[in-house]
Amino acid sequence: MSLGACILLVAVLAGAIGLARVSRRARRRRAPPLSDDLARLARAAPGGRPADALEVPSTSVVEDRAVSFPCHVCGESAMQALDHQVEEIGGERLRRVRVGCDRCGAERQLYVRVMAAA
Ligand SMILES: [Zn+2]
């Protein structure tokens with residue numbers, strides 16, 4: 001093979017690799033709408049919005065309840081509570097728990113209402 005042909009071959013291969021990279025990047029860029037839809041579904045699911053807050057009898061089970069749902073992205077039951085804050089929303093104190101999936105890393109927020117003892 002002549003040096004010119006060799007250089008041409010390398011240039012063609014580099015171009016092909018470059019194109020593969022670009023199309024991988026393009027695929028990744030197209031991914032967000034799906035996760036946006038999933039995030040929207042997660043917000044519409046129980047606990048996803050303050051108005052749909054989950055109800056628990058005591059603060060000690062807030063995080064247990066929040067991680068009891070499977071991941072909204074991969075469907076695995078591998079959620080962990082990442083943090084947990086008290087927020088006053090519409091004159092009521094709600095717990096906002098951020099949960100993350102151990103398997104795929106997806107995160108979502110759940111609102112939990114601690115029912116006052118009667
Ligand atoms: Zn997941």
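1. From the N terminus on, the elements of the protein chain follow the order α-α-β-α-β-β-β. That makes three helices and four strands, where helices (H or I, at least four residues) and strands (E, at least two) are DSSP runs, numbered from the N terminus.

2. A word on the ground rules. This is a predicted model, in which local features need pLDDT of at least 70 and side-chain atom pairs count only at pLDDT 80 or more, while totals for chains, interfaces and linings use all residues. Residue numbers start from 1 along each chain as its sequence is written.

3. Now to the sheet. The four strands make an open sheet in the order S1-S4-S3-S2, with mixed pairing; two strands pair if DSSP finds at least two bridges between them. Strand S1 (54–56) and strand S2 (79–89) stand at the edges with a single partner strand each, so one side of each has no neighbour in the sheet. On average, neighbouring strands are turned by 35 degrees against each other, direction ignored (axes are lines fitted to C-alpha atoms, for helices over the stretch in contact, and angles run from 0 to 180 degrees between N-to-C directions).

4. Follow S2 into S3 next. These strands run antiparallel and are joined by ten bridges; for example, histidine 84 has valine 97 in S3 as its bridge partner. Their hairpin has two residues between the strands, and glycine 90 takes a positive phi near 60 degrees there.

5. S3 (residues 92–101) also pairs with S4 (residues 107–114), in the antiparallel sense over six bridges. Arginine 96 has tyrosine 111 in S4 as its bridge partner, and valine 97 stands opposite leucine 110. This hairpin has five residues between the strands, with glycine 105 at a positive phi near 85 degrees.

6. What about the interior? Of the 118 residues of the protein chain, 17% count as buried, that is, with 20 or more other C-beta atoms within 10 Å of their own, C-beta atoms being placed from the backbone. The largest nonpolar core has 13 residues, and Ala53, Ala66, Val97, Val99, Leu110, Tyr111 and Val112 touch the most other members. Such a core is a set of buried Ala, Val, Leu, Ile, Met, Phe, Trp, Tyr and Cys residues joined through C-beta atoms within 7 Å. Helix H3 (62–66), S3 and S4 each supply at least two of its residues, and S3 gives the largest share, four residues.

7. Finally, take a look at valine 112. Leaving aside neighbours within four places in sequence, valine 112 is in contact (C-beta atoms, placed from the backbone, within 7 Å) with residues including Ala53, Leu54, Val62, Ala66 and Val97.

Notes
A residue is buried if 20 or more other C-beta atoms lie within 10 Å of its own, exposed if 12 or fewer, and partly exposed in between; C-beta atoms are placed from the backbone. Two residues are in contact if their C-beta atoms, placed from the backbone, lie within 7 Å.
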